[in-house]
Amino acid sequence: MRTECNLTSMRFARLKGRDVVADFRGGTMTSDAGALLLGTTDRAIGLVARFSACFSDGRAADRVVHDVETLVGQRVFGIALRGRCGP
């Protein structure tokens, strides 16, 4: 399968006073840009909150330090930044 090149830039919401742009012309790149996109998506549609609602928490409530949403968010972002699933 041939690689399809997209030369169109995509602009996202500004973040801390900086432009966030996806540009597919190559050049200097970062492996962390997916985290920005995932974070924006999470804030827009409540991705992690909705996903964590699928789990029931059977732990003793008085001993819980981190809620399920925090743990699920950590795992989702960890997998996304690592770029693959599994150990």
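Trainee: Which loop holds lysine 16?

Mentor: The model is predicted. In it, β1 covers 10-15 and β2 covers 18-22. Lysine 16 is found in the loop between β1 and β2.

Trainee: What is the phi of lysine 16, and is the residue buried or exposed?

Mentor: Lysine 16 is not a glycine, although its phi is positive, at about 50°. Its relative accessible area is 80%. Exposed means over 50%, so lysine 16 is exposed.

Trainee: How many salt bridges does the structure hold?

Mentor: One joins the side chains of aspartate 19 and arginine 14, at 2.5 Å from N to O. Another is formed by aspartate 57 with arginine 59, where the closest N and O atoms are 2.8 Å apart. The number of salt bridges in the structure is two.

Trainee: Are aspartate 19 and arginine 14 buried or exposed?

Mentor: The cut-off for exposed is over 50% relative accessible area. Aspartate 19 has 53% and arginine 14 has 51%. Therefore aspartate 19 is exposed, and arginine 14 also counts as exposed.

Trainee: Aspartate 42 has no salt bridge; which side chain of opposite charge is nearest?

Mentor: Aspartate 42 lies in helix α1, residues 33-45, and is buried. A salt bridge needs the nitrogen and oxygen within 4 Å. The nearest side chain of opposite charge is 6.2 Å from aspartate 42 and belongs to arginine 43.

Trainee: Leaving aside neighbours within four places in sequence, what is aspartate 42 in contact with?

Mentor: One contact is to helix α3, because Asp42 of α1 and Phe77 of α3 are among the residues that make the contact between these helices, and contact means heavy atoms within 4.5 Å. With those sequence neighbours left aside, the contacts of aspartate 42 are Leu47, Val48, Ala49 and Phe77.

Trainee: How is α1 oriented relative to α3?

Mentor: Helix α3 spans residues 68-82, and its axis is 10 Å from that of α1, at an angle of about 150°. Angles over 145 degrees count as roughly antiparallel. So α1 is, relative to α3, roughly antiparallel.

Trainee: What is the handedness of the crossing of α1 and α3?

Mentor: On the α1 side the contact is made by Ala35, Leu38, Gly39 and Asp42. Helix α3 contributes Val76, Phe77, Ala80 and Leu81. The crossing of the two helices is right-handed.

Notes. Residues are numbered from 1 along each chain as its sequence is written. This is a predicted model: local features need pLDDT of at least 70, side-chain atom pairs count only at pLDDT 80 or more; totals for chains, interfaces and linings use all residues. Side-chain values use heavy atoms; hydrogens and water are left out. Helices (H or I, at least four residues) and strands (E, at least two) are DSSP runs, numbered from the N terminus. Buried means under 20% relative accessible area, exposed over 50%, partly exposed in between (1.4 Å probe, protein chains only). Lys and Arg count as positive and Asp and Glu as negative; His and the chain ends are not counted. Axes are lines fitted to C-alpha atoms, for helices over the stretch in contact, and angles run from 0 to 180 degrees between N-to-C directions. Angles under 35 degrees count as roughly parallel, over 145 as roughly antiparallel, 65 to 115 as roughly perpendicular and the rest as oblique. A crossing is left-handed if the near helix is turned anticlockwise from the far one by less than a right angle, and right-handed if clockwise.
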